[in-house]
Every structure is written in structure tokens, then in C-alpha cells.
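Please read them alongside the sequence and the structure.

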Amino acid sequence: MMNWPEKVALQKPAKISRKSEMTSGANWIASVQGAVQEAFLESLTADELRALPYLFEFWALPHQLPPHEDWRTWVILGGRGAGKTRAGAEWVRQMAEGATPRQAGRARRIALVGETIDQAREVMIFGDSGIMACAPPDRRPEWLPGRRLLVWPNGATAQLFSAHDPEALRGPQFDAAWADELAKWRKGQDTWDMLQFGLRLGDDPRAVITTTPRQSPVLRDVLARESTVTTHAPTEANRANLAPGFLEEVTRRYGGTRLGRQELSGELLDDLEGALWPSEVVEAARISNAPPLSRIVVAVDPPVSGHQRSDDCGIVVAGVICEGPPQTWCAYVLEDATVSAAAPDAWARAALQAVERHGADRLVAEVNQGGALVESVIRQIDPLVPFRAVRATHGKAARAEPVAALYEQGRVRHLGGLQALEDQMGQMCRSGFAGRGSPDRVDALVWALHELVIEPARQWRRPRMRVL
């Protein structure tokens with residue numbers, strides 16, 4: 001019986017090459033006239049029609065298919081929505097499934113590693129493009145939540161791991177692994193190293209990485225290895241599977257920006273020349289939890305106005321451990337609570353909610369633009385909040401340099417959920433801000449750390465008058 005790729009090839013016009021027929025089949029079918037589409041579908045048997053939605057080689061985009069050359073690690077770099085998760089899930093299927101539901105596949109034990117257990121479960125397994133959504137009914141694995149385990153009908157298994165706990169990978173062994181969003185892992189190098197030690201089963205153990213490119217030492221190291229192959233695609237490549245208007249909206253807002261090149265074009269960007277916060281410095285600052293803190297502040301960089309086109313209102317929460325002289329204190333950035341295009345009443349409430357949420361000791365706000373109005377807006381909502389107005393007397397880069405020095409000294413730590421702030425930090429240079437608009441989040445960060453660490457250190461060093 002003629003198989004479905006041969007049927008596709010025979011029904012193509014003569015000028016269309018048979019080259020990559022399995023990967024171009026869906027694109028060709030989608031572009032031809034309805035009569036040709038109907039003829040192709042009518043030529044398929046009932047079993048072929050039922051199987052067609054699960055033949056990923058037929059529907060896949062080129063960057064979603066494994067390269068033909070030898071490799072140990074395949075890195076799929078792509079913009080948001082470029083189809084990375086689907087590619088990873090389908091590769092796991094390819095490794096676990098056999099020719100029939102109970103026939104052995106190429107891999108018996110697979111590791112699934114995400115940034116957290118929850119994210120791995122909700123994206124890699126149960127997401128819209130996850131393993132369960134891609135699996136044919138007769139080969140769909142069973143999920144055992146107590147063991148964090150997928151079990152296929154042929155006995156193949158896939159175990160879930162969190163990049164927060166690299167030690168959990170010490171002991172288990174695998175012949176395949178899928179690592180999602182490696183560039184975001186806080187303990188990236190430790191987790192990747194433990195995973196590599198566990199890839200020791202079978203004749204050809206392999207790993208697939210699906211990630212939006214971000215500055216990450218472990219990602220850079222993996223990409224530099226001779227055993228690594230890479231495929232790449234921007235968000236645009238998967239336009240047909242994205243919500244109408246999504247691509248136009250994000251392109252309008254982020255097109256041409258550094259963030260857009262990273263998140264939409266899927267480019268791995270180098271640090272800017274003169275960057276105050278090089279990527280390795282920010283990576284080194286990440287931790288999972290903060291210890292008990294001596295003092296916490298909420299810092300606010302209010303926008304000039306409050307309408308849809310106004311700048312964001314930067315709101316950053318940070319704390320410090322006050323032990324010994326201020327020159328040795330260590331600060332912890334707890335939350336980026338920045339709000340967009342907010343009216344004065346809205347951003348003031350957001351800042352006061354952050355004060356309450358973290359039990360902050362003081363609210364600090366820049367008043368260069370709003371003057372007394374800034375404090376007035378806040379006091380109308382909470383007259384008793386401890387408040388300090390601060391006024392900028394130097395440029396943004398000059399104010400930021402002492403704070404950047406704290407990071408270089410290893411005296412600032414970052415909790416999770418600060419990606420937007422960290423992206424903005426990466427665009428702050430000694431010559432100024434290289435991003436679009438105003439660095440509102442960085443401004444708020446700078447005010448918070450000035451209040452917590454830099455000003456106390458200045459007071460400590462200031463000579464005291466002698467009493468005669």
C-alpha cells in the first residue's frame with residue numbers, strides 16, 4: 001500500500017520538488033486549491049486519516065525537527081510562541097514510542113526538567129503543546145502525580161524534575177532528556193551538570209533544550225560544545241498557530257527593541273558595551289529564598305502623568321540585613337511590583353499594597369517630577385505610612401553606578417520573578433539607558449538600594465564633630 005508521503009509527492013505539481021516532502025507537505029496542502037486538498041484527503045485510508053494529526057513530521061516547521069547530523073545536545077532557540085514546546089514534546093514522543101503502542105521505543109527512561117515542578121507539569125506535560133496534548137489516544141502515557149512520572153503503554157517512563165533542586169538528579173539515570181527554558185534556571189549550571197551525569201543509558205543518550213535565548217553562562221557553554229546542534233526560529237515562523245493580532249501588537253510595541261530581538265526574534269544578545277550590570281553579574285545574584293531581613297523598603301519612581309502612553313510607574317521592594325558596618329550589609333531585591341500606564345491613585349495604591357504585603361518599614365518616592373503632589377497622593381490613601389521623598393541631583397547612570405558596584409561586590413541578591421527588571425538592567429550603560437522609554441524599574445531599584453545601603457554607608461563614613 002502506498003504510504004502518505006508518497007501520495008503527497010504524487011499529487012504535487014511537477015515543478016514542486018520532492019525535497020523535504022514530509023516537512024513541506026502540510027505547507028503545500030494548506031496553499032493549494034480546495035479541490036486538490038479534497039483529492040489528497042480522499043486518497044487516504046481511514047487509518048491514515050486518523051493518524052494524520054499525530055504525524056508531526058508532516059506538520060512540523062523546519063526548526064522543530066531534529067538535525068540529521070550526529071549530536072548529543074539539540075538546542076532549539078526561538079522567540080515567544082515559535083513552537084519550541086511542541087518540538088520538545090514531539091521529540092519525547094519520538095524517543096518513547098515504538099512502531100506499535102506496546103513496542104519499545106528508542107528511550108526507556110527520560111528526564112523532563114523545567115524551571116520549577118509546577119511549570120514543568122503545566123507546560124511540558126499538560127500544556128496546550130505538551131506531551132499529553134500531542135500523544136495519540138492509543139499511546140497516551142499515564143500520569144502518576146505522586147511519583148511525578150509519565151508511563152507509556154510500552155513501559156517507557158519520563159520523570160519530572162525541577163531546576164531548583166539539582167541534587168534530585170543525583171542517582172537516577174536516563175537515555176534521553178528534555179530541558180525547558182534552560183536560560184531561566186537559577187541553578188542552571190548545577191542542574192545541567194547533574195543531568196549530564198545521569199545521561200548514561202543506551203547506545204546514544206541525548207538531550208533537547210527548548211529555550212528563549214537569554215544571557216546565561218550555562219547556555220553559552222552548551223552552545224559552544226562541538227556535540228551541540230542548534231535550530232532557530234523567530235515568533236513570526238509560527239504565525240499560523242498564534243492568536244490573530246498577537247504578532248502585530250507585540251511587534252508594534254517591542255519591534256526594534258533589545259527585548260524584542262530577544263523575545264520575538266529569538267536572538268542571543270551580547271552584553272552592551274559599558275553595561276552597568278553584565279549578565280554574569282545578574283546571574284550570580286539569583287537565589288531561591290531570602291533570609292529574615294532587618295529592614296524593608298518600597299521604592300517608587302512615579303510617571304510624570306497617568307494615561308495610556310505614560311511611562312510605567314517603577315515599584316521595587318528590597319530589604320537588607322544590618323549586621324556590622326554598612327559597608328558589609330547585603331541587600332535582597334524581593335519584588336518588582338511595577339504598574340503600567342496607571343493614574344496617580346492607581347500607582348499609589350499599588351505601592352501601598354506592596355508596603356503591606358512585605359511589612360515594609362518605609363515608602364521612598366522620587367519627587368523630581370511630581371513634587372509635593374507625590375506625597376499628597378500617597379497620604380490621601382494612607383496618611384500614616386512612613387514616607388521619604390528623594391530628589392535626583394545627578395543623571396540616571398551616575399545614580400546607578402554606586403548600586404552597580406554593590407552587585408560587583410556580591411552584596412545584592414535577587415529572588416525570582418524579576419525578569420523584566422533584569423532585562424532593563426541589562427540595557428543600562430555608563431552612557432545612559434539604551435532601551436526604549438524610561439528605565440522606571442531600574443530607577444526604583446536604585447532608590448531602594450540607595451535608601452537601604454548607600455546612604456547608611458555615607459552616614460557611617462561622615463566625620464562626627466568633637467565636643468570639647
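1. Asp345 is partly exposed at 41% relative accessibility, and Arg349 is likewise partly exposed at 42%; buried here stands for under 20% relative accessible area, exposed for over 50% and partly exposed for what lies in between, with a 1.4 Å probe and protein chains only. The two side chains meet in a salt bridge at 3.2 Å, N to O, the term requiring a side-chain nitrogen of Lys or Arg within 4 Å of a carboxyl oxygen of Asp or Glu. Both residues belong to helix H14 (residues 344-358) and are 4 residues apart, about one turn of the helix; helices (H or I, at least four residues) and strands (E, at least two) are DSSP runs, numbered from the N terminus.

2. This is a predicted model, in which local features need pLDDT of at least 70 and side-chain atom pairs count only at pLDDT 80 or more, while totals for chains, interfaces and linings use all residues. Residues are numbered from 1 along each chain as its sequence is written, and side-chain values use heavy atoms, with hydrogens and water left out.

3. The salt bridges come to 29 in count. Arg286 pairs with Glu422, their closest N and O atoms being 2.5 Å apart, and this pair links distant parts of the chain, with Arg286 in the loop between helix H13 (279-284) and strand S9 (295-301) and Glu422 in helix H17 (residues 419-425), 136 residues apart. Arg286 is buried at 13% relative accessible area, and Glu422 is buried at 8%.

4. A further salt bridge joins the side chains of Arg388 and Glu451 at 2.4 Å, N to O. Arg388 lies in strand S13 (residues 387-390) and Glu451 in helix H18 (residues 440-461), so the pair ties together parts that are 63 residues apart in sequence. Arg388 is partly exposed, at 30%, whereas Glu451 is buried, at 6%.

5. The structure holds 5 aromatic pairs, for which ring centres of Phe, Tyr and Trp (its six-membered ring) must lie within 6.5 Å, planes under 30 degrees apart counting as stacked, over 60 as edge-to-face and the rest as tilted. Trp71 and Trp91 form a tilted pair, 6.3 Å centre to centre with 45° between the planes. Trp71 is buried at 5% relative accessibility, and Trp91 is buried at 3%.
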